[in-house]
Amino acid sequence: MKRILREPLLHFLLLGTVIFAAYGFVSKRGSNEPAKIVISEGQIAAMAEGFARTWRRPATRDELEGLIKDRVQEEVYCREAMALGLEKDDTVIRRRLRQKMEFVSDDIAALAEPSDEELSTYLKAHADTFGVQRQFTFSQVYLNPERHGQNLARDTAQLFTQLQEAGDEADLSQRGDSFLLEHKFQSLPASEVVKQFGEKFAAKLGEVLSGQWQGPLESGYGLHLVWISERTEERLPELAEVRDAVRREWANTRRLEANEKFYQELLKRYAVTIQRVEPLEEKTVAAIK
């Protein structure tokens, strides 16, 4: 018995047992210590402000206590859920986390304030977006081909003569045929002319002279005699006219660029492997062969 007690192996086993038991005791004791949850004054103020903004009045004491209690419950559930790994492979949570990372990049991009020179350069580079379209102020009288039949050319010529004699003071309500659209249009952009009358009519309208009756111009509806009172050519506006719009688009472009740069920097930290699955059709063909 004494010889057994003197065995080094036994001493090693006993020592290991003691160490293992001590580790388990310490670990168990540490696991029983509650984790800390702190609801700061700033968080409480933010909750109160959010309540006031939503309900348009300050929160009562009970309501504020309820908000704090709900925040604690949320924190407990979130921590326990993450401890169990419940956030993994959850599409909604993954999208929200991605969105929050993009918010970080957005905040960085928002710090930049453009100079007038930068905005002017952006305006010129995006003339298609900010350019003022060609506009037409005109009157029109409509002739329905179905109603006039074989007499369409004759009736058009007679109406044209009457309008020339009356000039721009002609009473259009008593001329031509009834029509879904108005007789007069004020500063109508070229794109709207196309939308309402068609491309063929819009192209011809851009060619006719101003200050006299012209036509007939053909549209998808029929024939039109027109009087152009004013025509303004397309132009690139001055920065002062569209500063707010240019700044919004400039900021959005910089935000997208910052997001992409931010992502590319993060991507460098990962080795991406994409295991592509063979298309089902190829597998089916292979199986048939």
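**Aromatic pairs, cores and sheet in a predicted model**

By the ring-pairing rule used here, the count comes to 11 aromatic pairs; rings of Phe, Tyr and Trp (its six-membered ring) pair if their centres lie within 6.5 Å, with planes under 30 degrees apart counted as stacked, over 60 as edge-to-face and the rest as tilted. Phe51 and Trp55 form a tilted pair, because their ring centres are 6.3 Å apart and their planes stand at 40°. Both residues sit in helix 3 (residues 41-55), and being 4 residues apart they are separated by about one helical turn. Phe51 counts as buried at 12% relative accessibility, whereas Trp55 counts as exposed at 55%; buried means under 20% relative accessible area, exposed over 50% and partly exposed in between (1.4 Å probe, protein chains only). Ring pairs also link Phe138, Tyr142, Phe179, Phe185, Phe197, Phe201 and Tyr221 into a cluster.

The structure is a predicted model, in which local features need pLDDT of at least 70 and side-chain atom pairs count only at pLDDT 80 or more, while totals for chains, interfaces and linings use all residues. Residues are numbered from 1 along each chain as its sequence is written, and side-chain values use heavy atoms, with hydrogens and water left out.

The chain has 13 helices and 4 strands, taken as DSSP runs numbered from the N terminus (helices H or I, at least four residues; strands E, at least two). Buried residues make up 20% of its 289 residues. The 4 strands form an open sheet in the order 2-1-4-3 with antiparallel pairing, where two strands pair if DSSP finds at least two bridges between them. Strand 2 and strand 3 (213-218) stand at the edges with a single partner strand each, so one side of each is left without a neighbour in the sheet. Strand 3 is joined to strand 4 by 4 bridges, and Trp213 has Trp227 in strand 4 as its bridge partner.

Nonpolar cores come next; each is a set of buried Ala, Val, Leu, Ile, Met, Phe, Trp, Tyr and Cys residues joined through side-chain atoms within 4.5 Å. The largest holds 15 residues, of which Phe138, Val193, Phe197, Phe201 and Leu205 touch the most other members. At least two residues of this core come from each of strand 1 (135-143), strand 2 (184-189), helix 10 (190-197), helix 11 (199-205) and strand 4 (223-232). Leaving aside neighbours within four places in sequence, Val193 is in contact (heavy atoms within 4.5 Å) with Phe136, Phe138, Leu188, Gly198, Phe201, Ala202 and Leu205. A second, separate core of 11 residues includes Leu152, Leu223, Leu225 and Trp227.

Helix 6 (residues 116-125) has Leu119, Tyr122 and Leu123 as its buried residues. These residues cover an arc of only 100° around the axis, which puts them on the same side of helix 6; the arc is that of the directions from the helix axis to the C-beta atoms. On the other side, Glu117, Thr121, Lys124 and Ala125 are exposed. The buried residues of helix 6 pack against helix 7 (127-130) and helix 12 (239-267).

Finally, Asp106 is found in helix 5 (residues 91-110) and is buried, with a relative accessible area of 18%. Apart from neighbours within four places in sequence, Asp106 is in contact with Arg255 and Asn259. The C-alpha atoms of Asp106 and Leu256 are separated by 8.3 Å, although the two residues are 150 residues apart along the chain.
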